[in-house]
Amino acid sequence: MGYKLLIATGGLVLFVLYVSQSYSGSEQHPKSTNGSSRQDAGIDVLTYSESGYRLGPLSQERVRELAKGLSSEERHVLLEEGTERAFTGSLVENKAKGVYTCRLCGLPLYDAGAKFKSGTGWPSFFQPFDSAHVREVLDKKSGTARTEIECARCRSHLGHVFEDGPRPTGLRYCMNSASLKFYAKGSELPAESRPVEAATAYFAGGCFWGIEDRFQQVPGVIDAVSGYQGGQVANPGYKEVSKGGTGHAETVRVAFDPGRVSYPTLLKWFFKFHDPTQKNRQGPDIGEQYRSAIFAADDKQLDAAKTFIQEQASSTKFGGRTIATLVERAGQFFEAEEYHQDYHAKHGGSCSIDSGE
Ligand SMILES: [Zn+2]
């Protein structure tokens, strides 16, 4: 890949700057990276937690719709930042195993294993189900600064967090029973309380740092991981693959939410992210490890990818140049070494991937 090539040779300074291009379909390309950073930046993009749940924010309209099912006490706590009186909540003494979800939107917030007896009169937990499922907001309403906890998906008020909890975290998440819904272990969770049923796709288009970074930013993509695919050797490492000869291509495994983004849309993004007319190379990165390839996870993806390539080949988009992208069924995918993951997000920079259009 270009950046690594530069380090290796110390020679010609050649950077091809990535120019963001918006796919002209219905989805807009977001400006920031994946995960909570988007949320913190106030960008309204649906994000996902590491444990695979859709986060927020929900639209105001959806919150209003969900709120129709609340009692007046629940509405007061969740939507008006109210606090129930100590020892009056239904979940203070609950010791059963299970999970506590947001009363409004169903996002899992606390596992029963993190509940402890605080003696305060409110359900207390020492850690959330997933740190991305709760948001901390500075609360100065009572005169002294406190940290309010709200649901990361629907932004409802849940309670506060204090630094006088037990080990291992030393935190006390002091919640209102009215903000929570409890599901005992073994009971069936509703769809909104279950993780997304993610689908997988694999794309190879030159430098995996770049392809991974681009896919991380596509709405509906849960995660993208750099790795190796399509070769003959088990457990290949970067050194072997970069020398060529193992048959692997630098490949990105994309976990996506089919309810938010379709496979054909991912194919369109893929062709925006690299130049599919370059055979066994992308810019200065030369070798079959940089080939353009789609590894289909199933027959449906295989058909969709073939159809897509035919459509692209017969269009005028690439000025009559032949599409070099190979399509085959996915074999085993090997994750690349840790230092290759999220490389652009951690280090910035851009590796040389050209758009073919
Ligand atoms: Zn919620």
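Good morning. Among contacts in this protein between residues at least 6 apart in sequence, 69% join residues at least 24 apart; two residues are in contact if their C-beta atoms, placed from the backbone, lie within 7 Å. What we are viewing is a predicted model, in which local features need pLDDT of at least 70 and side-chain atom pairs count only at pLDDT 80 or more, while totals for chains, interfaces and linings use all residues. Residues are numbered from 1 along each chain as its sequence is written.

The protein has nine helices and 17 strands. These are DSSP runs numbered from the N terminus, helices being H or I of at least four residues and strands E of at least two. Of the 357 residues, 39% count as buried, that is, with 20 or more other C-beta atoms within 10 Å of their own, the C-beta atoms being placed from the backbone.

Let us turn to helix H4. Within residues 72-79, Glu-74, Val-77 and Leu-78 are buried. They lie on the same side of H4, because they cover an arc of only 90 degrees around the axis, taken from the directions from the helix axis to the C-beta atoms. The buried residues of H4 pack against strand S7 (157-162). Just after H4, Glu-81 takes a positive phi of about 55 degrees.

Finally, a sheet. Three strands form an open sheet in the order S2-S1-S9, with antiparallel pairing; two strands pair if DSSP finds at least two bridges between them. Strands S2 (108-111) and S9 (180-184) stand at the edges with a single partner strand each, so one side of each is left without a neighbour in the sheet. Five bridges join S1 (residues 98-102) to S9, and Thr-101 stands opposite Lys-181 in S9.

Definitions and conventions. A residue is buried if 20 or more other C-beta atoms lie within 10 Å of its own, exposed if 12 or fewer, and partly exposed in between; C-beta atoms are placed from the backbone.
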